[in-house]
Amino acid sequence: MFTIDQIKEAHSKVKSGADFPAYIQDLIALGVQGYDTFVNDGHVEYFGSNNFRAAATDTYDNIAVAPSANKERFIEFLVMHQGGQTDYLTFCHHAAQCGIAKWSVNIMEMTCTYFDQLGSAIVIEKISM
């Protein structure tokens with residue numbers, strides 16, 4: 001199974017959202033089937049086959065997540081990030097500002113779902129390769 005060090009190595013190549021498709025390919029090669037990223041502190045939980053799990057506990061200073069979601073503004077920030085205009089930490093701050101508490105990547109379905117603090121899906125996008 002994969003290790004957090006292998007995932008960190010793959011993630012080190014990501015400079016902006018424009019690098020995301022290549023990152024997903026690296027994760028697929030490692031056997032990662034999905035992961036959840038928690039915006040408030042940056043920890044990530046990765047999932048593999050046979051209920052394998054690994055958590056990256058490298059975190060950043062806590063970010064307050066807005067109590068309600070602003071879907072339209074978040075989509076603007078998401079498009080900026082995917083276009084390479086913001087780095088990862090800036091995107092996390094933007095997500096929190098828009099009430100996004102976590103995102104969940106399902107590599108098997110090739111989707112990324114952004115959730116508010118109540119666990120409601122705010123944006124579901126297909127991952128294009």
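Guide: Contact means heavy atoms within 4.5 Å. The model here is predicted: local features need pLDDT of at least 70, side-chain atom pairs count only at pLDDT 80 or more, and totals for chains, interfaces and linings use all residues. Residues are numbered from 1 along each chain as its sequence is written, and side-chain values use heavy atoms, with hydrogens and water left out.

Visitor: Which residues does isoleucine 4 touch, not counting residues up to four places away in sequence?

Guide: Isoleucine 4 touches Tyr46, Ala54, Ala55 and Ala56. Take Ala54.

Visitor: Is isoleucine 4 buried or exposed?

Guide: Buried means under 20% relative accessible area, exposed over 50%, partly exposed in between (1.4 Å probe, protein chains only). Isoleucine 4 has 17%, so it is buried.

Visitor: Where is isoleucine 4 placed?

Guide: In helix α1. Helices (H or I, at least four residues) and strands (E, at least two) are DSSP runs, numbered from the N terminus.

Visitor: How do I read the packing of two helices?

Guide: Two packed helices are described by the angle between their axes and the distance between the axes. Axes are lines fitted to C-alpha atoms, for helices over the stretch in contact, and angles run from 0 to 180 degrees between N-to-C directions. Here, helix α1 (residues 4–11) packs on helix α2 (residues 20–30) at about 160°, and the axes are 9 Å apart. That angle makes α1 roughly antiparallel to α2 (under 35 degrees is roughly parallel, over 145 roughly antiparallel, 65 to 115 roughly perpendicular, the rest oblique).

Visitor: Which residues make the contact between α1 and α2?

Guide: Gln6, Ile7, Ala10 and His11 come from α1; Tyr23, Asp26, Leu27 and Leu30 come from α2.

Visitor: What about a strand residue, threonine 37?

Guide: Threonine 37 is in strand β1 (residues 34–38). At 2% relative accessible area, it is buried. Beyond four places in sequence, threonine 37 is in contact with His43, Val44, Tyr88, Ala101, Lys102 and Trp103.

Visitor: And a loop residue?

Guide: Cysteine 98 is in the loop between α4 and β4 (102–106). Its relative accessibility is 1%, so cysteine 98 counts as buried. Its contacts beyond four places in sequence are Ser68, Ala69, Asn70, Arg73, Phe74 and Phe77.

Visitor: Which members of the largest nonpolar core touch the most other members?

Guide: A nonpolar core is a set of buried Ala, Val, Leu, Ile, Met, Phe, Trp, Tyr and Cys residues joined through side-chain atoms within 4.5 Å. The largest one has 36 residues, and Tyr35, Tyr46, Phe74, Trp103 and Tyr114 touch the most other members. Helix α4 (residues 88–97) gives this core its largest share, four residues.
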